[in-house]
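Please keep the sequence and the structure in view while reading.

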Amino acid sequence: MKSASNLRDKSAIRFPSLNNREKTVAVVVLAALLVGAWLPERINISTSPSLQHRVFFLSKTKSTIETGDYLVFRHEDTSFTQKGLQPANQQLIKQIGCSPGESLTQNDDKKYFCNQKYLGTALATDSTGRLLPTFQFIGPIPKNNYFMVGSNPRSFDSKYFGFIHAEEILYTALPLW
């Protein structure tokens with residue numbers, strides 16, 4: 001009669017022994033698979049001509065957001081989504097042009113300034129001739145609100161749809177390229 005230990009030894013699954021190089025390759029492949037599953041959610045490629053950068057790394061919103069930071073957000077203002085200017089619930093990525101407490105002004109020529117620094121000029125119509133809404137505000141930016149801008153003069157940004165609120169921010173975006 002065979003002993004129980006002999007039966008266990010024969011039925012046990014045996015893995016081949018790996019040398020150091022094979023172990024390194026296995027770890028690298030496993031790490032690449034894990035990063036590959038996580039990374040696509042964190043890389044954003046912008047095809048919009050309204051931004052100077054094209055590739056961004058997304059991260060959770062940091063505790064302090066400053067003028068010049070890039071943000072990914074959803075803006076729920078239906079005044080521009082219903083006019084066909086921007087699909088509803090689309091994520092936008094723009095740069096903060098003016099932060100809470102900073103002074104936003106605009107002149108009669110629809111030129112916007114933050115603390116006297118030029119941000120851009122609102123256009124009257126889009127590229128197809130449709131009238132664009134113009135955001136009207138002069139004074140300090142309210143708490144938890146941000147005035148967002150693009151780097152292209154035709155950027156559809158806060159000049160048209162107004163402030164975004166901190167609750168609308170999805171990610172902070174770090175430009176990679």
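## The sheet

In what order do the seven strands of the open sheet lie? The order is β1-β2-β11-β3-β4-β9-β10, and the pairing is antiparallel. The model under discussion is a predicted one. At the two edges stand β1, residues 43-45, and β10, residues 164-165, each of which pairs on one side only.

Several neighbouring pairs can be followed residue by residue. Strand β1 is joined to β2 (residues 55-59) by three bridges, the two strands running antiparallel; here Ile-43 stands opposite Phe-57. Ser-59 has Thr-172 of β11 as its bridge partner. Another antiparallel pair, linked by three bridges, consists of β4 (residues 92-98) and β9 (residues 145-149). In this pair, Cys-98 stands opposite Phe-147 of β9. As a general point, the side chains of a regular strand alternate between the two faces of the sheet.

## The disulfide

How many disulfides does a search of the whole structure find? The search finds one. Its partners are Cys-98 and Cys-114, with sulfur atoms 2.2 Å apart. The link is right-handed, with 75° about the S-S bond.

Ser-99 is found in the loop between β4 and β5, the latter comprising residues 103-106. Is Ser-99 buried or exposed? Its relative accessible area is 7%, so Ser-99 counts as buried, the limit being under 20%. When neighbours within four places in sequence are left aside, Ser-99 is in contact with Glu-66, Thr-67, Ile-141, Asn-145 and Tyr-146.

## Salt bridges

Side chains of opposite charge can pair when their charged atoms come close. Two salt bridges are found in a search of the whole structure. One joins Arg-130 to Asp-126, with the closest N and O atoms 2.8 Å apart. Arg-130 is partly exposed, at 38% relative accessibility, whereas Asp-126 is buried, at 14%.

The partners in another salt bridge are Asp-157 and Lys-159, whose closest N and O atoms are 3.0 Å apart. Both Asp-157 and Lys-159 are buried.

## The surface

Which residues form a nonpolar patch on the surface? They are Ile-43, Ile-45, Leu-174, Leu-176 and Trp-177, and together they have about 580 Å² of accessible area. Ile-43, a residue of strand β1, has a relative accessible area of 31% and is therefore partly exposed.

For the protein, the accessible surface comes to about 11,400 Å², and carbon and sulfur atoms account for 57% of this area.

## The chain as a whole

The protein has four helices and eleven strands. It consists of 177 residues, of which 33% count as buried. Among contacts between residues at least 6 apart in sequence, 61% join residues at least 24 apart.

Notes
Residues numbered from 1 in each chain as written. Predicted model: local features only at pLDDT ≥ 70, side-chain atom pairs only at ≥ 80, totals over all residues. Heavy atoms only, no water. Pairing = 2+ DSSP bridges. Disulfide = S-S within 2.5 Å. Patch = residues over 30% accessible without salt bridge, like charges linked within 9 Å, V, L, I, M, F, W, Y side chains within 5 Å. Areas by Shrake-Rupley, 256 points an atom, 1.4 Å probe, with all protein chains shown as cover. Salt bridge = Lys/Arg side-chain N within 4 Å of Asp/Glu carboxyl O. Buried < 20%, exposed > 50% of the residue type's maximum accessible area, 1.4 Å probe, protein only. Contact = heavy atoms within 4.5 Å.
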